[in-house]
Every structure is written in C-alpha cells, then in structure tokens.
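Welcome! Let us take a slow walk through this protein together, one stop at a time.

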Amino acid sequence: MHYNGQLLDWENTENWRQVLGPPSREQEGILTWDELGLFLYDQERQRPGPESFEILMGRKRHSQLTRTEPDFWPRKLFPGRLFVDGGPITSKSNINDINRDKKGKSFGRGHMSGLYSYDVGDFSIHLDYGHDRSLTSFGLSKHLIPSPPERLEEVRQEELRMSQEADSRIAK
C-alpha cells in the first residue's frame with residue numbers, strides 16, 4: 001500500500017509515522033491522524049507493524065440507534081483520493097460500481113449487512129457501509145494467524161471448483 005507514492009511498510013509502524021507524519025493522538029495502541037481521516041491499530045506488541053488500518057469516508061454507523069462515534073475516530077474525513085486495484089472509491093460509491101471498476105477480486109458480502117470484503121494473501125480488505133448505504137470506511141487488516149501456503153492452495157482449489165460448478169449450472 002502507498003500514500004502519496006511512498007510505501008507503507010506493514011512490518012514497521014515507525015515507517016507509517018515517517019510517511020504520514022506524527023499522529024494527532026494515540027490511545028491504547030490506536031494511532032489517529034485527524035487531518036488525514038485515518039487510523040491504525042498497533043496493539044499486539046509481539047507482532048511487528050500495525051494489525052489494521054482504516055480510512056474514514058463517512059460518519060454513518062450500521063444502526064440508526066448508534067448515536068456516538070468511537071473516541072479514536074478521526075475528527076475529519078479522508079480528504080484524498082482512494083484507488084483499490086485501479087478503481088476509484090468515494091463515500092458515494094456503491095458496491096456494484098466498485099466491483100465493476102476495480103481489477104482483481106470482487107468484494108463479497110460480509111458477516112452482516114453493509115460489510116463487504118475479500119482476502120489477498122495474509123490480508124483482508126473491507127468496506128463498511130452505514131445504515132443509509134453511504135460508505136463509512138475502507139480498511140485493511142492482517143489475518144490474526146497467517147495462512148500456511150498449503151492452506152492458501154487449498155482455498156484456491158475450492159474457489160476454482162465452486163466457480164466451475166457455478167459455470168456448469170449456468171450453461172445447463
């Protein structure tokens with residue numbers, strides 16, 4: 001991942017500080033950059049680098065009943081341009097447009113309404129939509145336990161098998 005052309009190293013949180021500048025605040029392993037509209041989690045001291053990174057694109061939560069925001073959320077929304085696999089993402093982007101415009105894997109529905117994600121290697125890439133269907137955040141997270149190479153191949157084979165089954169059902 002890059003910010004203004006500079007690589008953000010997932011094995012070195014200090015590199016993030018150098019590239020993004022000093023965080024506006026730090027709270028229990030959560031570093032927040034208010035002016036940039038982003039934050040990261042660096043809470044597991046035994047693992048190098050951050051565990052997760054979020055770009056705040058909106059303020060709507062999943063439920064209309066939720067009235068407050070987490071203390072660590074940036075005070076401002078992300079002011080820059082975000083591209084994922086070549087496709088632009090804005091707070092007004094809907095999931096169909098994002099999947100159409102990007103290259104590579106598509107975002108799939110998550111474990112609850114408004115969450116979409118896909119995995120690449122040892123990372124999960126996710127979108128979080130609010131109750132009004134506006135995009136709230138984009139994030140990247142390391143998997144808690146890195147997948148061994150044989151498990152990745154097993155998952156690839158299963159995805160290929162399911163894709164071929166779906167293609168054969170469509171062809172009938």
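Which residues of helix H1 (residues 13-20) are buried? In this predicted model, they are Thr13, Asn15, Trp16, Val19 and Leu20. These residues cover an arc of only 150° around the axis, so they sit on the same side of H1. If you turn to what lies over them, you will find several strands: the cover of the buried residues of H1 includes strand E1 (2-3), strand E2 (6-7), E4, strand E5 (38-41) and strand E6 (52-56).

Glu28 is not a glycine, yet its phi is positive, at about 50°. You can find Glu28 in the loop between strand E3 (25-27) and E4. Is Glu28 buried or exposed? With a relative accessible area of 73%, Glu28 is exposed, because anything over 50% counts that way.

Arg133 is not a glycine either, and has a positive phi of about 70°. Its place is also a loop, the one between strand E11 (123-129) and strand E12 (135-142). Arg133 is exposed, at 74% relative accessibility.

For a contrasting view, go to Ser52, which belongs to strand E6. E6 is among the strands that cover the buried residues of H1. Ser52 has a relative accessible area of 9% and is therefore buried, since the cut-off for that word is under 20%. What surrounds Ser52? Setting aside neighbours within four places in sequence, Ser52 is in contact with Trp10, Phe39, Leu40, Tyr41, Leu140 and Ser141. With Leu140 there is a polar pairing as well: a polar atom of the Ser52 side chain lies 3.4 Å from the backbone oxygen of Leu140.

Before you leave, how confident is the predictor about what you have seen? The mean pLDDT of the protein is 85, and 81% of its residues reach 70 or more.

Terms used
Residues are numbered from 1 along each chain as its sequence is written. This is a predicted model: local features need pLDDT of at least 70, side-chain atom pairs count only at pLDDT 80 or more; totals for chains, interfaces and linings use all residues. Side-chain values use heavy atoms; hydrogens and water are left out. pLDDT is the predictor's confidence in each residue, from 0 to 100. Buried means under 20% relative accessible area, exposed over 50%, partly exposed in between (1.4 Å probe, protein chains only). Helices (H or I, at least four residues) and strands (E, at least two) are DSSP runs, numbered from the N terminus. The arc is that of the directions from the helix axis to the C-beta atoms. Contact means heavy atoms within 4.5 Å. A polar contact is a pair of N or O atoms within 3.5 Å; within protein, one must be able to donate a hydrogen and the other to accept it, and residues adjacent in sequence count only if both atoms are side-chain atoms.
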